[in-house]
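Please walk through the model below one element at a time. The text starts from a single residue and then widens to the whole chain.

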Amino acid sequence: MEHGSMKGMSSNRLLLMGAIHLGIMYLLMYAMVNTLSNVIPNLNNFYMAGLMTSPMLALEAVLMGQMYTNKRVVRIILVVSLAAAVVFFSLIRAQTAVGDLEL
């Protein structure tokens with residue numbers, strides 16, 4: 001968006017987009033549920049939504065980074081989103097705080 005007289009966007013919009021995507025991904029984790037009574041909030045679904053959102057945000061920072069005015073913040077967002085992907089993947093694999101009981 002830095003063509004001509006147009007100004008770049010604030011990196012706050014990139015963070016807002018990430019937060020909105022996280023919420024959408026979390027809700028979409030329940031797309032396979034047939035009735036509302038079968039919706040059981042699950043921490044693992046949040047981990048998965050975070051895992052899906054993190055690389056999407058990193059990809060946005062890489063491919064569309066020139067649109068944002070504060071390049072330093074965009075680089076920080078890129079590094080944090082890649083680290084978050086590793087953390088969310090680890091939380092899923094370890095089933096951290098999921099609370100399943102062995103029968």
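Val62 lies in helix α2. In this predicted model, its relative accessible area is 54%, which is over the 50% cut-off, so Val62 counts as exposed.

Is Asn44 buried or exposed? Its relative accessibility is 18%, and because buried means under 20%, Asn44 falls in the buried class. Once its neighbours within four places in sequence are set aside, Asn44 is in contact with Ile92, Gln95 and Val98. With one of these, Gln95, the side chain of Asn44 also forms a polar contact of 3.4 Å.

The next topic is helix packing. Two packed helices are described by the angle between their axes and by the distance between those axes. For helix α1, residues 11–28, and helix α3, residues 71–94, the angle is about 25° and the axes are 9 Å apart. Angles under 35 degrees count as roughly parallel, and α1 and α3 are therefore roughly parallel to each other. On the α1 side the contact is made by Ser11, Leu14 and Leu15, and on the α3 side by Val73, Val74 and Ile77. Sorted by residue class, this contact of α1 with α3 has five nonpolar residues, one polar and no charged.

Now the chain as a whole. It holds three helices and zero strands, and its pattern along the sequence reads α-α-α. The chain has 103 residues, of which 27% count as buried; Asn44 is one of the buried residues. Among contacts in the chain with a separation of 6 or more, 69% are between residues 24 or more positions apart.

How far can the coordinates be read? The mean pLDDT of the chain is 85, and 87% of the residues reach 70 or more. Over residues 1–6, however, the pLDDT is below 50, and in the model this stretch has nine contacts beyond near neighbours in sequence. Where pLDDT is low, the predicted coordinates should not be read in detail.

Conventions. Residues are numbered from 1 along each chain as its sequence is written. This is a predicted model: local features need pLDDT of at least 70, side-chain atom pairs count only at pLDDT 80 or more; totals for chains, interfaces and linings use all residues. Side-chain values use heavy atoms; hydrogens and water are left out. Axes are lines fitted to C-alpha atoms, for helices over the stretch in contact, and angles run from 0 to 180 degrees between N-to-C directions. Helices (H or I, at least four residues) and strands (E, at least two) are DSSP runs, numbered from the N terminus. Angles under 35 degrees count as roughly parallel, over 145 as roughly antiparallel, 65 to 115 as roughly perpendicular and the rest as oblique. Contact means heavy atoms within 4.5 Å. Ala, Val, Leu, Ile, Met, Phe, Trp, Tyr, Cys and Pro count as nonpolar, Asp, Glu, Lys and Arg as charged, and the others, Gly among them, as polar. Buried means under 20% relative accessible area, exposed over 50%, partly exposed in between (1.4 Å probe, protein chains only). A polar contact is a pair of N or O atoms within 3.5 Å; within protein, one must be able to donate a hydrogen and the other to accept it, and residues adjacent in sequence count only if both atoms are side-chain atoms. pLDDT is the predictor's confidence in each residue, from 0 to 100.
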